[in-house]
Amino acid sequence: MSIKSTILGFPRMGSDRQLKKLVEGFWSGKVTEQELAEGSKQLRADHWALQASYGLTEVPVGDFSYYDHVLDAAFAAGIIPERYQQVDNAGTQAYFAMGRGLQNKSIDVPSLEMKKWFDTNYHYMVPEVADNQAFSLHSTKVVDEFKEAKALGYAARPVVLGPVSLLALSKTAKGSSTKPLDHLASLLPVYVELFGQLAAAGAEWVQVDEPVLSLDLEASVYQPAFAQAYAELAQVSGLKYLLTSYFGRLGDNLSWAATLPVHGIHLDLVRGAADLDSALELIPADKVISAGLINGRNIWKANLDKQLATLATIVSARQSAAPVWVSSSCSLLHSPHSLKPEVGHLDEETLGWLSFAEEKVEEVTILAAAIADRDSVAEQLERNAANVLSRQQSERITRPAVQQRLAALDESSYTRQAAFSVRQAVQRDTLKLPLFPTTTIGSFPQTAEVRKARAQFRKGALSQEEYLQFLDVETRKCIEWQDEAGLDVLVHGEFERTDMVEFFGEHLEGFVFTKRGWVQSYGSRCVKPPVIFGDVSRPHAMTVDVAKFAQSCSPNKPVKGMLTGPVTILQWSFVRDDQPRSQTAGQIALAIRDEVVDLEAAGIRVIQVDEPAIREGLPLRKADYEAYLKWSVDVFRLATTGVRNETQIHTHFCYSDFNEIFTAIKSLDADVITIENSKSDLKLLGALEVHGYAAEIGPGLYDIHSPRVPSVEEMAARFAALQKYIPAENLWANPDCGLKTRGWPEVKESLTNLVAVAVAARQAHAA
Ligand code: MET
Ligand SMILES: [Zn+2]
């Protein structure tokens with residue numbers, strides 16, 4: 001018996017981020033539209049060839065995108081807000097304008113809003129649906145790509161974002177009041193037309209992605225919506241649908257999703273393994289089950305014996321039923337492209353533990369081959385078992401001292417010496433800050449000069465001593481400027497850091513860094529997450545020298561120590577899967593705690609532990625919130641409570657919609673939080689009003705994502721609004737986030753204005 005092997009999607013960027021270079025080249029005018037199209041076509045062909053070379057029986061098509069697959073789906077359905085319709089529509093201009101905005105002599109349109117794709121680090125563009133929304137088939141990209149693959153001789157399966165998820169992920173356009181999902185009936189004919197074209201082009205199966213099925217859905221709304229949608233799509237003759245959902249269990253949605261008129265159902269059996277028993281019971285015998293057994297979200301080699309056992313269970317339970325397929329849990333979009341470039345960069349042992357997209361394709365094919373004839377892949381299975389065992393037993397993974405220390409902690413390691421009100425009084429006495437203290441979030445411009453010095457240091461062209469000297473000069477200039485500008489709590493500027501997670505990963509044990517482990521974050525942007533493979537520990541202090549030097553440049557004002565928090569380090573890394581994430585976070589927290597204590601001992605009186613990612617780590621299902629929030633609060637407290645009452649602990653978040661996590665934010669027990677706010681005053685103020693907040697808080701007075709200099713008047717207006725909700729003695733003045741992407745001239749002007757706002761507010765308050 002042979003079974004179909006496939007994946008839900010492949011990374012788009014290419015082994016060397018070719019797509020990034022193509023699109024960015026196109027944007028800057030160095031690559032023509034035709035070159036972009038041809039280069040992309042080549043990339044797709046390469047990726048199909050790679051998948052086929054491992055014997056994958058069916059390849060996905062339409063998973064490729066110039067920018068984002070949600071944008072593709074919206075664009076294809078003609079969901080193009082009016083402001084983009086003035087953009088030349090012949091080529092890709094309007095499409096890219098929706099993705100990244102467009103500014104020239106005649107047009108100035110911002111992009112669509114960008115949002116996180118479920119709980120991944122990928123961001124999608126949020127379509128806007130208006131009351132009078134018309135839909136039409138505006139692009140046949142997926143049909144064209146299907147024909148392309150077919151012409152090359154591949155068995156291909158088009159991938160399309162399903163109609164319900166497309167609308168559920170959209171938002172109501174400004175000035176409209178209908179919900180996007182209200183428009184389902186008028187959207188469906190576009191899907192029928194598109195799928196009719198796919199059938200005519202010779203497609204047999206279409207993969208319809210409906211990832212919202214892994215969320216808490218209101219059954220009374222979504223069950224009828226799905227029923228209506230799939231009844232209508234079933235009208236297209238000659239086409240079979242694979243309904244796919246991923247990133248979690250279908251849970252209570254399974255009972256009705258299982259009976260939709262589709263021909264196959266995909267199960268994410270990595271994160272949704274709990275679904276298996278009920279799925280085998282509920283999915284009718286005439287439907288294919290696509291078993292998502294290879295993890296698309298992490299980079300560890302699968303335990304093939306274990307996954308094979310699950311596959312065997314499914315196959316034997318479905319003996320007289322429709323076929324079983326083997327697949328990836330979700331699209332491989334969230335994995336780096338291939339391990340090949342890491343050979344010679346990572347050591348042999350570590351290489352043996354990892355599997356990127358290319359290797360995951362191979363794992364899928366090994367499972368498919370093994371279920372038909374185990375002997376045919378005996379050697380591969382043996383090697384896999386040896387690799388899995390090597391990771392389980394490696395001495396590099398475990399540090400008994402760290403484990404023992406974490407296990408031995410008691411309540412006192414999670415609690416400050418005194419309550420906030422006591423600490424606040426002590427800190428007022430010692431820090432002697434004015435009313436409405438001014439500060440920044442940490443980083444100052446990473447100029448070309450700073451980046452160049454770092455690159456030269458890495459290449460060896462600059463000695464360690466020269467590089468450190470360069471950093472000292474930059475830091476001193478930065479501190480002196482802040483002092484002159486009248487800021488109250490200063491920062492060293494973070495010139496030594498490329499990235500707020502990478503910097504700490506490089507100093508801690510238990511991390512490795514890949515050479516080309518890039519993953520798409522949004523549009524042409526990629527990130528290279530560190531890999532946490534083992535118990536984390538801190539071999540030496542990481543920031544104490546820099547902080548001490550910075551403080552020495554400022555005899556009168558406190559300089560903040562700057563650290564990244566345990567949840568953010570976890571969230572922006574590939575994390576080991578052999579122990580709960582909470583435990584890994586606890587180990588990171590211990591390392592940060594030691595750093596915090598060392599900073600205090602070195603005379604640093606204000607310490608900031610950034611946790612911008614605490615909210616994005618929220619699980620997909622509400623039932624899982626509480627457990628997550630409990631341990632993320634715990635690890636933050638573990639990291640920050642080792643100090644005396646005099647030491648002021650700050651934290652920073654890059655979001656303001658914290659209604660859902662407000663109680664958790666309070667329990668962090670930080671003395672001061674700085675938080676993004678300028679783009680969404682109302683959200684934050686609403687939350688403050690509902691939940692109340694007793695500690696000190698600095699809601700951002702201006703958006704740092706734009707080079708625009710905010711005027712004194714606009715920031716003063718914002719500051720005045722904040723004073724209605726926050727007691728004066730608790731209110732700080734600061735920007736939304738760090739300034740590393742900005743240039744010095746605009747930073748100087750903006751912060752000078754910000755200080756003026758605080759000074760004027762102090763005078764007004766005294767009067
Ligand atoms: C994404 S939050 C960034 C915080 C960091 N301290 C910075 O200023 O860059
Ligand atoms: Zn931030």
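**View 1. Helix H27 passes helix H28 in a right-handed crossing.** Here a crossing counts as right-handed if the near helix is turned clockwise from the far one by less than a right angle, and left-handed if anticlockwise. Helices are DSSP runs (H or I, at least four residues), numbered from the N terminus. The axes of H27 (residues 712-723) and H28 (residues 744-766) come within 9 Å and cross at roughly 50 degrees. Axes are lines fitted to C-alpha atoms over the stretch in contact, with angles from 0 to 180 degrees between N-to-C directions. The two helices are therefore oblique to each other; under 35 degrees would count as roughly parallel, over 145 as roughly antiparallel, and 65 to 115 as roughly perpendicular, with the rest oblique. On the H27 side you will find Val-712, Met-715, Ala-716 and Phe-719, which meet Asn-753, Leu-754, Ala-756, Val-757, Ala-760 and Ala-761 of H28. Residues are in contact if their C-beta atoms, placed from the backbone, lie within 7 Å. This contact has nine nonpolar residues, one polar and no charged ones. Ala, Val, Leu, Ile, Met, Phe, Trp, Tyr, Cys and Pro count as nonpolar, Asp, Glu, Lys and Arg as charged, and the others, Gly among them, as polar.

*A note for all views.* This is a predicted model, in which local features need pLDDT of at least 70 and side-chain atom pairs count only at pLDDT 80 or more, while totals for chains, interfaces and linings use all residues. Residues are numbered from 1 along each chain as its sequence is written, while chains are lettered from A and ligands numbered from 1 in the order in which they are written.

**View 2. Helices H8 and H9 make a right-handed crossing.** The axes of H8 (residues 184-200) and H9 (residues 219-233) cross at roughly 30 degrees and come within 9 Å. Look for Leu-184, Leu-188, Tyr-191, Val-192 and Phe-195 of H8 against Ala-225, Gln-228, Ala-229, Glu-232 and Leu-233 of H9. Eight of these residues are nonpolar, one is polar and one charged.

**View 3. Helix H16 meets helix H23 at roughly 95 degrees.** The axes of H16 (residues 400-407) and H23 (residues 581-601) come within 10 Å, and the angle makes H16 roughly perpendicular to H23. Val-402, Arg-405 and Leu-406 of H16 are in contact with Gly-586, Gln-587 and Leu-590 of H23. The contact has three nonpolar, two polar and one charged residues.

How values were computed. Contact = placed C-beta atoms within 7 Å.
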